[in-house]
Amino acid sequence: MPRMRKKSDLPTKVCATCGRPFAWRKKWEKVWDEVRHCSDACRRRRKEGGHSCPPVCDAAR
Ligand SMILES: [Zn+2]
């Protein structure tokens with residue numbers, strides 16, 4: 001079922017590292033289901049924390 005997607009109506013998620021909500025971005029259109037961090041910084045911080053990041057995180061850059 002098609003949905004109108006306005007700028008103000010982008011899907012959002014909560015970052016797994018900083019806990020803040022972030023909105024869909026064009027660069028994530030193919031990997032949105034896998035995106036769990038709001039930014040590169042958070043993604044890296046997560047990695048340093050000993051959590052092994054799936055390859056798709058790199059694709060989401
Ligand atoms: Zn974050």
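What pLDDT does the chain average, and what share of the residues score at least 70? The chain averages 81, and 66% of the residues reach at least 70. Here pLDDT is the predictor's confidence in each residue, from 0 to 100. This is a predicted model: local features need pLDDT of at least 70, side-chain atom pairs count only at pLDDT 80 or more, and totals for chains, interfaces and linings use all residues. Numbering starts from 1 along each chain as its sequence is written.

Start with the elements. The chain has 2 helices and 2 strands. Their order from the N terminus is β-β-α-α. Both kinds are DSSP runs, numbered from the N terminus: helices are H or I with at least four residues, strands are E with at least two.

Next, burial. A residue is buried if 20 or more other C-beta atoms lie within 10 Å of its own, exposed if 12 or fewer, and partly exposed in between, with C-beta atoms placed from the backbone. Of the 61 residues, 8% count as buried.

Arginine 36 lies in the loop between strand 2 (21-23) and helix 1 (40-48). It is partly exposed, because 18 other C-beta atoms are within 10 Å. Its C-alpha is 7.3 Å from that of valine 14, 22 residues away in sequence.

Arginine 46 sits in helix 1. It has 19 C-beta neighbours inside 10 Å, so it counts as partly exposed. Between arginine 46 and alanine 16, the C-alpha to C-alpha distance is 8.2 Å, and the sequence separation is 30 residues.
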